[in-house]
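Reader: I am new to this structure. Please show me how to read it, one feature at a time.

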Amino acid sequence: MDVDPIFRALADPTRRRLLDRLREQNGQSLGQLCDRLDMTRQSATKHLDILVRAHLVTVVRRGRERLHYLDPTPIHDIERRWISEFDAPRLRALAAIRSTAEGAVMIPDYVYVTYIESTPERVWEALTDADLTAAYWGHANVSDWQPGSTWEHRRTDGSGAADVTGTVLEAVPPTRLVITFEDSPGQAARREPSVVTFEVEPYHEIVRLTVTHEKLPDSEMHAGISHGWPAVLANLKSLLETGSVLARPPWEVPTP
């Protein structure tokens, strides 16, 4: 991993302030960031471009707006590189103590972008077809995919059990799908569901797929989906580009 662009991006106090503003409120437009930092659009754009090239910020288009999201992945990779497995438990314990002392911690939204050699229609089918989702996800996503309808993430072991359920909030084939994501449907103390948005955009001759997972209840779920979404989408990409899923499901490979 080339860490030089990351450290150069973080070395500037203005860029660190931009990241702090996104940590406080993720998914801001350029205008919102400029208002909060009393900065010209030209100056903010230059700093954001550096953060995007360092993969510390991801840009997602929503209609005519370009929304900016903090991407903690590079910093997490640096942590894994230089913090040993023996130090990690102690540091997590210290962080938990500090977080408790400072009050509730805001859980950031999770954003993942991948590029697939396919068509928007084919990607949409892969997201909504029960047989295709069963092939690359290990669960069948079952619904009529109409706004207001329910959807279920059903096991493929014949039990018909659903490990995740939710409601379809928006469905605009083949470009946009928004669903609630309730990962504790059978528990008595059910928490507020999170929200997942799939944006499917033509990108030259390929497709850009952006997955945004919002309203996460805690850091444990954020950590889980940070490992889960890349694995699922890698399998989806392989299926659409080669006709076959990966030889071993990525979620079964131990994290290094």
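Author: Start with contact, which means heavy atoms within 4.5 Å. Helices (H or I, at least four residues) and strands (E, at least two) are DSSP runs, numbered from the N terminus. This is a predicted model, in which local features need pLDDT of at least 70, side-chain atom pairs count only at pLDDT 80 or more, and totals for chains, interfaces and linings use all residues. Residues are numbered from 1 along each chain as its sequence is written, and side-chain values use heavy atoms, with hydrogens and water left out.

Reader: How many helices and strands does the protein have?

Author: Nine helices and nine strands.

Reader: How do I read a pair of packed helices?

Author: Two packed helices are described by the angle between their axes and the distance between the axes. Axes are lines fitted to C-alpha atoms, for helices over the stretch in contact, and angles run from 0 to 180 degrees between N-to-C directions. Take helix α3 (residues 30-37) and helix α4 (residues 41-53): their axes come within 10 Å and cross at roughly 110°. That makes α3 roughly perpendicular to α4; the cut-offs are under 35 degrees for roughly parallel, over 145 for roughly antiparallel, 65 to 115 for roughly perpendicular, and oblique for the rest.

Reader: Which residues of α3 and α4 meet?

Author: From α3 come L30, G31, L33 and C34; from α4 come R41, A44, T45 and L48. By class, this contact of α3 with α4 has five nonpolar, two polar and one charged residues. Here Ala, Val, Leu, Ile, Met, Phe, Trp, Tyr, Cys and Pro count as nonpolar, Asp, Glu, Lys and Arg as charged, and the others, Gly among them, as polar.

Reader: How do I read a nonpolar core?

Author: In soluble globular proteins, nonpolar side chains tend to be buried together. Buried means under 20% relative accessible area, exposed over 50%, and partly exposed in between (1.4 Å probe, protein chains only). A nonpolar core is a set of buried Ala, Val, Leu, Ile, Met, Phe, Trp, Tyr and Cys residues joined through side-chain atoms within 4.5 Å. In this protein of 256 residues, 41% count as buried. The largest nonpolar core has 33 residues, and F198, L209 and W229 have the most contacts inside it. Helix α9 (219-242) is among the elements that each supply at least two of its residues.

Reader: Which residues does W229 touch?

Author: Leaving out residues up to four places away in sequence, W229 touches Y110, W137, V196, F198, V211 and H213. Another core lies apart, with 19 residues, including V3, A9, L30 and A44.

Reader: Is S118 buried or exposed?

Author: S118 counts as buried, at 15% relative accessibility. It sits in the loop between β3 and α7. Beyond residues up to four places away in sequence, S118 touches V123, E205, I206, V207 and L240.

Reader: And where is D163 found?

Author: In strand β6. D163 is partly exposed, with a relative accessible area of 26%. Its C-alpha atom is 6.4 Å from that of D183, 20 residues apart along the chain.

Reader: What should I look for in the backbone?

Author: Look at its angles. A cis peptide bond joins P173 and P174, with omega about -5°. P174 lies in the loop between β6 and β7. H55 is not a glycine, yet has a positive phi of about 65°. H55 is in the loop between α4 and β1 and is exposed, at 55% relative accessible area. K215 also has a positive phi, near 60°. K215 lies in the loop between β9 and α9 and is exposed, at 53%.
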